[in-house]
Amino acid sequence: MPLDHFCPWREEAEELRERLTTLEAKMASLERHVFGKKAERLPTVRQQLQAERTDAEAAAQAQAALQKRRERATLKMEQALTREVRHAVPEEQRQCPTCGSQELKPLGKGRISMLYEYIPPRFERQVHVQETLACACGKGVVTAPVPPKVVDRGEYGPRFIAHVVASKCADSLPLHRLAQRVERGGVPMSRSTLTDLFHRAAEGVAPLAARLLLRISQSAVVWADETPLRVLEVKKTHLGYLWTFLTQNEQGQWLIGYRFSMSRSGKTPQQVLNGTLGALVVDAYTGYNPVTLPGGRVRVGCWSHARRKFFDALSTAPEAQQALDFILSLYRVEHEAVQTGVVRMLTHRALRQHKSRPVLQSLHAWLTAQLPLHPPKSPMGQALSYTLHQWQPLCRFVDDERLPLDNNRSEGALRKVALGRKNFLFVGHPSAGENLAGLYALVATCEANGINPELYLADVLLRVQTHPNSRIDELLPHLWQPLSAAAAA
């Protein structure tokens, strides 16, 4: 008679072992989150990459890093406001240290050194006087035109309002802290006034934010992700969500859009992407299913999410390291494409099919063999199930050079949102969330393309009021030109 017949407790022991494995994994993840580094990096991976580099590759990388530092230093000198400070030789030192003669003359331009100093910013109260002329007939009066304003009869100029928006959306500064800083600059200010200015700015540029999101939705490849954002209600808060949708155009410029909603359902992706075709790079969240059904967009998986699950399982299942090594091989192919300058070219696709496809075949065989060896609810079991369930979306990048390996771009677009969420905690109402999403989109697109968001907003806050709607694209961040440059063109 089989031994299992005399072990009625066997199933219970297996269940307890599975629960213990899961709890150990949760404890290891919690300890890493509280006490350890949050970066999902392994020392062995870094050592492998360093060991595999040849001397020529190391020298080339060092030279590239040096060149990048020089370019940044040059750019810093060009952008910074420069003021020359002259230092004269004191009278008591105006004599030759060798012969004592006082007949000295300048030697070249002098010894030059550079020093970066902080000059506190200032706010100024401008008094605009409109010239008024009267005719000798005593009946006609001519008055100079009123200076343009963002808000009729408002007391704050476009640069002031642009500074408010950039402080919150680019620097994640809560408006009550900004009010304190403004008061230190000599202008009496309250948080409610800054809040009103922020929302008036959002209402003014709302057509630009909507147009930016529309252009993103029409792109062939779109990245998407979402993050929670609390909404303040009477006596409690509700959970809303800020969604990001972004794309990269043929010129390499990034377009980043946001949409706020009070739900995490698939309604928001439907509103933004419904009826459009192409690829959608997302994680496994089912909220994107309505737009990735047959006849819609093709779903592209994220290897970063799959890797994260194996990384979390590493503490209880050392064999997860093999999966990490396989995924690392995929990223090495992408690194090779970057180094050879063939990204998003047909050569890139050929490289993937030649090197990445065999890795995927070996990884799939390993995953299939490992699946029966681990409890389904254990971290390793969940990582295996997730990867196999997402296998087809995860492999689509091999046949299309435009598709990325992961969804890290959209996660990066939400990092500033997460930082702001820690600082100002919540938005006041759903309309405030929509305004925040619109301004976040314009500021993030400016930063992604090397544009100063304060200069951009100060310009378009005035121009959008009279700009023809048929040419609204000219005011989008990646196409924007300052008014002087646009007039010259």
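This is a predicted model: local features need pLDDT of at least 70, side-chain atom pairs count only at pLDDT 80 or more; totals for chains, interfaces and linings use all residues.

Student: OK, contacts. Which residues does H478 touch, leaving out those up to four places away in sequence?
Tutor: H478 touches R215, N249, Q253, L255 and N449.

Student: Where is H478 found?
Tutor: In the loop between helix 17 (453-463) and helix 18 (483-488).

Student: Is H478 buried or exposed?
Tutor: H478 has a relative accessible area of 8%. Buried means under 20%, so H478 counts as buried.

Student: Let's zoom out. How many helices and strands does the protein chain have?
Tutor: There are 18 helices and eight strands.

Student: And what share of the residues is buried?
Tutor: Of the 489 residues in the protein chain, 37% count as buried.

Student: What about the accessible surface of the chain, how much is there?
Tutor: About 30800 Å². Carbon and sulfur atoms account for 54% of that.

Student: Back to contacts. Among those between residues at least 6 apart in sequence, what share joins residues at least 24 apart?
Tutor: The share is 61%.

Student: Now the strands. How do strand 4 and strand 5 pair?
Tutor: They pair in the antiparallel sense, over eight bridges. Strand 4 covers residues 236-248, and strand 5 covers residues 254-261.

Student: Which residue in strand 5 stands opposite L246?
Tutor: That is I256.

Student: What do the two strands form, and what's in the turn?
Tutor: Strand 4 and strand 5 form a hairpin, with five residues between them. G252 sits in the turn and has a positive phi of about 85°.

Student: How many residues of strand 5 are buried?
Tutor: Seven of its eight, so strand 5 is mostly covered.

Student: Helix 7 next. How does its span compare with what you'd expect?
Tutor: Helix 7 has 12 residues, 206-217. At 1.5 Å a residue, they should span 16 Å. The end C-alpha atoms are 17 Å apart, which agrees.

Student: Which residues of helix 7 are buried?
Tutor: L208, A209, L212, L213, I216 and S217.

Student: What covers them?
Tutor: The cover includes strand 3 (221-233), strand 4 and strand 5. It also includes helix 8 (267-273), helix 16 (430-448) and helix 17.

Student: Switching to rings. How many aromatic pairs does the structure hold?
Tutor: Nine. One of them is W243 with Y288, and this pair is edge-to-face. The centres are 5.8 Å apart, with 80° between the planes.

Student: Where do those two lie?
Tutor: W243 lies in strand 4, and Y288 in the loop between strand 6 (279-281) and strand 7 (298-300). They are 45 residues apart in sequence, so the pair ties together those parts. Both W243 and Y288 are buried.

Student: Why is the pair of Y258 and Y440 called tilted?
Tutor: Because its planes are at 45°. Planes under 30 degrees apart count as stacked and over 60 as edge-to-face, so the rest are tilted. The ring centres of Y258 and Y440 are 5.8 Å apart. This pair links distant parts of the chain: Y258 in strand 5 and Y440 in helix 16, 182 residues apart. Both Y258 and Y440 are buried.

Student: Which residues do ring pairs link into a cluster?
Tutor: F123, Y156 and F160.

Student: And which charged end sits over the ring of Y285?
Tutor: That of R264, 3.8 Å from the ring centre. Elsewhere, K168 lies over the face of F424, at 4.6 Å from the ring centre.

Student: Last topic: loops. Is H87 buried or exposed?
Tutor: Exposed, with a relative accessible area of 74%. H87 is in the loop between helix 3 (55-79) and strand 1 (132-134). P120 lies in that loop too. P120 is exposed, at 55%.

Student: What about S172, buried or exposed?
Tutor: Buried, at 2%. S172 lies in the loop between helix 4 (158-169) and helix 5 (175-184). Its phi is positive, about 55°, although S172 is not a glycine.

Key:
Residues are numbered from 1 along each chain as its sequence is written. Side-chain values use heavy atoms; hydrogens and water are left out. Buried means under 20% relative accessible area, exposed over 50%, partly exposed in between (1.4 Å probe, protein chains only). Helices (H or I, at least four residues) and strands (E, at least two) are DSSP runs, numbered from the N terminus. Two strands pair if DSSP finds at least two bridges between them. Contact means heavy atoms within 4.5 Å. Accessible areas come from the Shrake-Rupley method with a 1.4 Å probe; for residues, only the protein chains shown count as cover. The expected span of a helix is 1.5 Å times one less than its number of residues. Rings of Phe, Tyr and Trp (its six-membered ring) pair if their centres lie within 6.5 Å; planes under 30 degrees apart count as stacked, over 60 as edge-to-face and the rest as tilted. A charge sits over a ring if NZ of Lys or CZ of Arg is within 6 Å of the ring centre and within 35 degrees of the ring normal.
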